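Look at the structure, then work through them in order.

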Amino acid sequence: MPMPSTPTTADWRALIRTNQNSTYIVIASFILIYLSLGLLVDVYLCSNTYPQTTLSQLFFALITFTLMPVATLVTLAIALISLWVTFTFHDNLMLLGTEYREITPDSAQTLQETQLYNVIEEMKIAAGLAYMPKVYLIEAEYMNAFASGYSEKSAMVAITRGLMEKLDRSELQAVMAHELSHIRHMDIKLILMASVLSNLSLMFIDILFNNAFRSRRGGRDRNGLLIIIMILRWVLPLITVLLMLYLSRTREYMADAGCVELTRENEPLGRALLKISGDYQQHAEQYSALSQQTSHESIRRQAYIFDPVQAGIAASSAMADMFSTHPSVEKRLEALKCNFSQHKV
């Protein structure tokens with residue numbers, strides 16, 4: 001069976017440079033979002049204090065520090081702290097809401113867990129990585145996996161128990177080759193930054209929204225600020241979805257191609273994708289309940305090998321499906337040149 005063409009070594013190096021540049025753009029974008037939110041708050045507060053001053057004059061006074069932009073400085077501090085927290089506690093952040101434990105040669109409790117670690121170690125060598133990523137097992141019945149980290153040295157791979165138990169060794173190897181390709185391409189830092197910072201920015205706008213409502217109930221006139229925050233509360237999620245759409249789909253195709261390069265086979269990954277998709281569809285009601293009970297799933301959605309929204313598991317609308325951060329399984333199988341039936345698992 002013919003295999004899809006895979007990028008050359010030069011392509012990998014170019015991809016790493018592209019992902020590094022995209023990471024800087026993502027970080028700069030979210031800092032600008034935070035600064036814009038703070039500046040809006042400052043302009044509104046100052047307009048109440050200096051009602052005779054035009055908005056353009058207030059804006060100029062704030063950016064030149066003629067008036068102290070307190071809210072802007074606070075949001076800048078929040079943005080910088082968010083970046084520090086993301087780099088320092090990235091593994092904890094990406095595993096929030098799940099029951100998990102680290103798998104090592106000493107902590108493995110079953111033959112399957114030992115096999116999982118050995119498979120990842122084999123793929124680490126095949127990928128030419130200098131460091132062994134941390135391996136985490138998530139105690140969940142659904143089938144999924146993701147890689148994360150801000151560097152090759154800090155990288156981690158997380159896999160659900162359901163995926164570990166339901167795939168055969170070649171399929172498990174293919175999924176791990178896919179995840180280690182993400183590490184090899186250094187797009188893990190890009191998605192880590194985008195996933196965590198986008199969720200933090202949405203949490204921040206929610207805090208502003210709730211505070212504005214409380215301020216309104218307290219009798220202070222904050223209708224203008226409330227309108228601005230309400231608009232941002234609708235616009236920011238759309239911006240983050242579009243950003244993740246831009247970042248995620250290409251990286252999945254590239255990781256699939258990287259898997260084929262490392263394993264020299266295309267069918268195991270194709271079978272794994274079909275099994276994962278079929279398992280979600282077969283247990284849709286059960287997994288939907290599990291998804292609702294598991295907090296912070298939105299942080300992991302972009303990093304997963306399979307987007308649960310495609311199977312209708314996560315709470316979503318037609319618009320969310322349209323903006324799925326992953327290409328469909330059918331398109332991924334087509335790119336892999338897998339010709340077997342959708343029902344062949």
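Q: For residues 217-222, how many contacts beyond four places in sequence does the model have?
A: This is a predicted model, in which local features need pLDDT of at least 70 and side-chain atom pairs count only at pLDDT 80 or more, while totals for chains, interfaces and linings use all residues. Residues are numbered from 1 along each chain as its sequence is written, and side-chain values use heavy atoms, leaving out hydrogens and water. Over residues 217-222 the pLDDT (the predictor's confidence in each residue, from 0 to 100) stays under 50. With contact meaning heavy atoms within 4.5 Å, the number for this stretch is 7.

Q: Over residues 316-321, how many contacts does the model have beyond near neighbours in sequence?
A: The pLDDT is below 50 here as well. Where pLDDT is low, the predicted coordinates should not be read in detail. The number of such contacts in the model is 5.

Q: In which element of the chain is confidence highest?
A: Helices (H or I, at least four residues) and strands (E, at least two) are DSSP runs, numbered from the N terminus. The chain has a mean pLDDT of 81, and 80% of its residues reach 70 or more. Confidence is lowest in helix 13 (residues 318-322), with a mean of 47. It is highest, at 97, in strand 2 (residues 134-138).

Q: How far apart are the end C-alpha atoms of helix 3?
A: Helix 3 covers residues 70-88, which is 19 residues. The expected span is 1.5 Å times one less than the number of residues, so helix 3 should span 27 Å. The model agrees, since the end C-alpha atoms are separated by 27 Å.

Q: Are helix 7 and helix 10 roughly parallel or roughly perpendicular?
A: Axes are lines fitted to C-alpha atoms, for helices over the stretch in contact, and angles run from 0 to 180 degrees between N-to-C directions. Angles under 35 degrees count as roughly parallel, over 145 as roughly antiparallel, 65 to 115 as roughly perpendicular and the rest as oblique. The axes of helix 7 (residues 169-185) and helix 10 (residues 267-282) come within 8 Å and cross at roughly 95 degrees. The two helices are therefore roughly perpendicular.

Q: Which residues of helix 14 make the contact with helix 10?
A: The axes of helix 10 and helix 14 (residues 329-336) are 10 Å apart, at an angle of about 170 degrees. That makes the pair roughly antiparallel. Helix 10 contributes L269, G270, L273, L274 and S277, and helix 14 contributes V329, R332, L333 and L336.

Q: With which residues is N199 in contact, leaving aside its neighbours within four places in sequence?
A: N199 is in helix 8 (residues 188-217) and is buried, at 16% relative accessible area. The contacts of N199 are S298 and I299.

Key. Buried < 20%, exposed > 50% of the residue type's maximum accessible area, 1.4 Å probe, protein only.
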